[in-house]
Structure formats: C-alpha cells, structure tokens
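Visitor: Hi! Could you walk me through this one?
Guide: Happy to. Here it is.

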Amino acid sequence: MPQDQTPETFDAVIVGAGFNGLYQLYRLRQEGFSVRLVDAAARLGGVWHWNCYPGARVDSHVPNYEFSIEAVWRDWLWTERFPGYEELRAYFEHVDDVLDLSRDIQLNTRVSAARFDEQERQWQISTTDHETLQARYFILATGFASKALIPDIEGLDQFEGPCHHTARWPQDGLSFEGKRVGVIGTGASGVQIVQEAAKDAAHLTVFQRTPVTALAMQQRKLDPAELTAAKANYPEVFRQRNEPPGSFGDIPRPTDRALSVSAAERQSVYEAAWERGGFHFWNGTFADITLDEDANRTSYDFWRDKVRERIADPVTAEILAPTEPPYPFGTKRPSLEQNYYDVFNQDNVSIVDLLNDPIVRVGPNGVETATSQHDLDILVLATGFDANTGGPTQIDMLDTDGISLKERWKSGVDTHLGISVAGFPNLLMLYGPQSPAAFCNGPTCAELQGEWLVNLLVHLRSNDFSRIESSVEAGEEWTQHLNRYGAATLFPKADSWYMSANVPGKPRQLLNYPGSDRYLQKIAECEEEGYSGFIMS
Ligand code: NA7
C-alpha cells in the first residue's frame, strides 16, 4: 500500500505464526478484538517453516507438542512419537483449517520497524514491503530461535559449494548423496542433520566445539488405532500439562534427591527414564539434577557410560562423551538422538575436536583447521541462534526516549515478567526473553501465558485503558529475581544459549526462567494484584 494511504488499523498486530502467535490470534479474535498476524515465512508454523533441513524434528513427544483445543486434536493423528518437520507443517495446516486463522494472517511479510504514536496511543508498524499497519497493541511472538547465528569464521563467504545455516535451509532441499559434507555445530540441529548426512554422504566431517549430551529419543511409529484410543485420556493429559507443574503432562516431576537413594535404585531410575526416551532422562529422574553438582554428576556418568558403549574407537568416544563433564548435565539443552553415536563407527564419518584443533579459516574448497585441510562439497552451519533476544531486536523499535530496543539490551535484558519492557508502551511479548520460553513446551506456554495476555487485553478494554507500560522498577526487580533464581541452579555454569553465552559480546545473563510452574504463579500473582508493575491509563 502506498505510504500516503491511511494504514489499516487493528486492536492488535501480532508478529509470528508459530504456536504462540496463532493461539493469541485465535483467542483475541474470540474476544472480539480485531487482529492481524504477520509472518516473514511463506507458511504457518514458525520454526518449522525455516528449519527444513534433513532430519529436522521436534524434541517433545506426542501429545505434548500440540494445542489442547479438542476441535484441533480430535481429528489429528500423528504418525511418529517425535514428528518431523513435514508432519509438523501439515499439523499447522490442520490448525489453520479448524480454527480458520489464515483470513487474518499476512505471510511473506517481514516487520522491519515500529514506532509508538503517543498521541494516538498506537503502534505504526512498517514492513519491508513499505506497508504500514496501525495497532493499539503490538504483540511479539517471534520465538526464541528466529535469528540464525552465522559464525564469524574467516573466509566463510569464499566457500564455493552450497553453504547453508540449518535454519535457512533451501525449501526445495539439498541432496548429500556422494558429496563430501561438513557440519559445524553439534546442538540439536547438528545431531539431526549428522544422522541424515551419514546415510549417503561420500564423507561426513563433523566439527565439534562442545560435546552435546544427546539422549535416546526412543522414536517409534504410532499406531492409528492406539493413538485414537489414547485420546480418551487426552482431556486428563492436557489438564495435567496445563496445570502446575505443567509443561509435560506425562513426565511426573520427581521429588527424590539423587543421592538420597541407593546406587542400585538410582541406576534403575536412570535406566527406566532412558528407556522411556526423550526428555524423561533430563526432567524425570531426580529433583536436584540441575541444582546440585554431586547429584548432577551421577546423571552425567550414567549418560557417558551409556553412550560410550556404542562408540568403537576410544579416542572418538572421549571426544563425544568425555570422562569429565564439559558442563553440568542438562545445563545445555540435551538433544535427542536415534543413531548419532553409532554413525561415528562408519568409515564415511569423522569428527574434528575443535577444542584441540580449531578452525583457522574456510576457503573455496573446505575448512582449514590448525592441523589439517578438510575438503568439502557442502558446508552446513548448525551453529544455532541469537536466542531469545534475536527476534525482538531485529525490529527497529524506539522507546519513549528514542532509544532502540537493540541499544537498550546491549548491556543486558530488563523486562517485566518477560512480557513487557519499560519505555515501550503497548508492546507485549509472548515466549519472550526472561519468560520460561525454551524451558516450557511451546504449545503449553502459548496457551498458559497466552491466556494471561488475553485477560490483560480484556481488562484494559473493560476499563477503557488505552496505554500500558511496565515500570523501570518492575523490570529491575524481575531481572534481579531471575538472576537470583538462576544462581540457585547449575545453569550459570555452562556457556549455553540459555545464558546468552553462545553469541560473542552478548552480556552473560540467564534469559529463560527455569521453572514454568513458578513463573505461572508469578504472573497469576501479578494479575491478582491488579497487574502490579504495570502502569495503565
Ligand atoms: P545450538 O544448540 O545453539 O547448537 C549450536 C552448535 O553450534 C553448538 O554445538 C555450538 O558449539 C556450535 N557452534 C556455534 N558457533 C560455532 C563456531 N563459531 N564454531 C564452532 N561451533 C560453533 O543450536 P541448534 O540449532 O542445534 O539447536 C537450537 C535449539 O533450537 C534446540 O535445542 C531446540 O530447542 C530448538 P558450542 O556449544 O557453542 O561450543
């Protein structure tokens, strides 16, 4: 639309067509708000549009990673316990069909900037196509993994073959068959793509900086009859998921401490969790795994021994699963694997330990490390994200003093409840920095934090308020609370993206609230106190 025409005006503009943005659209519309949802991607699904590399799949098992809305789950059958990106994309189409969302969604549209008009109490939101939208409330549902992290490696742009970040994978695919493939990075994306590339690459070289503590996925095909029968219990499963402690309805929160039971009992708890697969081993063993170093060590040792028995070469085993923990178990996100450790026994797969043999540069033909040249046809960057803050700060937004959000957060993030930033009136975030985000299953958070936000907007409307802003003090208090809370855990001991430590120069700070139940309590208290920390007018 030409700039001189009057922009379309909405009660709310939402950015992001993942679980959070879609739920918010669905619910706000039900409450009678006019809403437009905008997403840069060509389809719904958020990360599942961008992450279409071979092997991309979710790490939450069925039925956790889906909406608890009966009209949506009733007729939807997953085929695998941990669905892959194609099936997830189909699920989002199903959600769209059932909830009739697309009529209020604008795809292929990237929001570039936003300014708050104090007079009108509205956000003016600009897109890269020079369109402007107006909205009273500007809601960011940009997720924690929307800005890919391209590593700063000398000569990376000189590489002559295809070179792609996993989250910017070509939508029409890329074959590894008969190619010499290099993968930099061994987080969840690296693990998944390595398993696929090992199948048909002529040679696969994995460049590992920090070992991942990948857990047995225990993937399996789902039988439609079995799944249909299981739905009889879905209301209860989702009730458990959506009530404290929440997150995964079928992983009961453990209460025992690891060292308060006998070694034999501990071993059997670990074995059982391992057999159940997925995050059971991370979240479902003992209460103090991410709190106490001695307890933590017992889980690391179990993991290490479990993994090492599958790796033939002792040197490779020490690189992949070192005798001493590289960081406390579980303080970097444990990926899920199917045959990750086995592929290193194949003749066509090798690993480079970057801690001892760092990358010096990338050249036209491959990667040069301190000791060797690795010739490659394809280079994969599985190097992760500018997590948590990358989404919001990609939008050029100014606070009431004219300072950009990016500038404001250069020295550290300061939000109220991970939802609002002082100086940015009527800007609200879902799944944002300093909320549980990556510690809370996406759809669960979308529904629980999402409902809270819907209530807030209804409250503002019924009180004839048109402006809401959190106070500076509330932001400082929340940051201190989160820092204190985090300091009582082992999370600060790892250089993880939870700690913002994966991006050079980013202030070290825990950006995900470790405890979705406690968080839910906090936002409920805020609401009960008439939205404490917020100034409404
Ligand atoms: P992650 O988990 O951030 O993994 C990124 C990997 O890339 C990790 O192994 C990093 O090593 C490595 N990395 C990053 N930069 C470099 C450079 N410059 N050189 C070598 N290696 C590097 O991202 P994923 O995409 O795998 O997963 C993200 C999450 O999204 C996932 O857990 C799901 O929850 C969804 P490091 O550990 O920093 O030493």
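Guide: To start with the overall make-up, the protein chain has 17 helices and 20 strands. Keep in mind that this is a predicted model.

Visitor: How much of the chain is buried?
Guide: Of the 537 residues, 59% count as buried. As for contacts, take those with a separation of 6 or more: 71% of them are between residues 24 or more positions apart.

Visitor: Let's zoom in. What is the span of helix α1?
Guide: Helix α1 covers residues 19-30, which makes 12 residues. From its first C-alpha to its last it reaches 17 Å, close to the 16 Å expected at 1.5 Å a residue.

Visitor: And how many of the residues of α1 are buried?
Guide: 11 of the 12 are buried, so α1 is largely enclosed by the rest of the structure. The buried ones include Phe19, Leu22, Tyr23, Tyr26 and Leu28, and also Arg27 and Arg29.

Visitor: What covers those buried residues?
Guide: The cover includes the strands β1 (8-15), β2 (35-38), β3 (105-106) and β6 (132-140). It also includes the helices α4 (85-99) and α15 (442-462). Just after α1, glycine 32 takes a positive phi of about 90°.

Visitor: Which other residues have a positive phi although they are not glycine?
Guide: Aspartate 100 is one of them, with a phi of about 55°. Leucine 417 is another, at about 65°. For background, most residues other than glycine have a negative phi.

Visitor: Where do they lie, and are they buried or exposed?
Guide: Aspartate 100 lies in the loop between α4 and β3, and with a relative accessibility of 38% it counts as partly exposed. Leucine 417 lies in the loop between α14 (405-408) and β18 (427-429). Leucine 417 is buried, with a relative accessible area of 3%.

Visitor: Good to know for a backbone check. Where is there a cis peptide bond?
Guide: A cis peptide bond joins valine 62 and proline 63, with omega about 10°. Proline 63 lies in the loop between α2 and α3.

Visitor: Switching to electrostatics: how many salt bridges does the count come to?
Guide: The count comes to 37 salt bridges. One of them is between the side chains of glutamate 8 and arginine 36, at 3.3 Å from N to O. Glutamate 8 lies in strand β1 and arginine 36 in strand β2, so this pair ties together parts that are 28 residues apart in sequence.

Visitor: Are those two buried or exposed?
Guide: Glutamate 8 counts as partly exposed at 39% relative accessibility. Arginine 36 is buried, with a relative accessible area of 14%.

Visitor: Which residue does aspartate 59 form a salt bridge with?
Guide: Its partner is arginine 333, and the closest N and O atoms are 3.1 Å apart. Aspartate 59 lies in the loop between α2 (47-50) and α3 (70-73), while arginine 333 lies in the loop between α11 (314-320) and β11 (336-337), so the pair ties together parts that are 274 residues apart in sequence. Aspartate 59 counts as buried, at 16% relative accessibility.

Visitor: And what about glutamate 226?
Guide: Glutamate 226 forms a salt bridge with arginine 220, where the closest N and O atoms are 3.8 Å apart. Glutamate 226 is partly exposed at 47% relative accessible area, and arginine 220 is partly exposed at 42%. Elsewhere, salt bridges that share partners join Arg297, Asp301, Arg304, Asp305 and Glu324 into one network.

Visitor: Last topic, sheets. What is the order in the open sheet of three strands?
Guide: The order is β13-β14-β15, and the pairing is antiparallel. The edge strands, β13 (359-363) and β15 (373-375), each pair on one side only. From one strand to the next, the twist averages 20°.

Visitor: How many bridges join β13 to β14?
Guide: Four bridges join β13 to β14 (residues 366-369). Glycine 363 stands opposite glycine 366 in β14.

How values were computed
Residues numbered from 1 in each chain as written. Predicted model: local features only at pLDDT ≥ 70, side-chain atom pairs only at ≥ 80, totals over all residues. Heavy atoms only, no water. Pairing = 2+ DSSP bridges. Helix = DSSP H or I, 4+ residues; strand = E, 2+ residues; numbered from the N terminus. Axes fitted to C-alpha atoms, helices over the stretch in contact; angles between N-to-C directions. Expected span 1.5 Å × (residues − 1). Buried < 20%, exposed > 50% of the residue type's maximum accessible area, 1.4 Å probe, protein only. Contact = heavy atoms within 4.5 Å. Salt bridge = Lys/Arg side-chain N within 4 Å of Asp/Glu carboxyl O.
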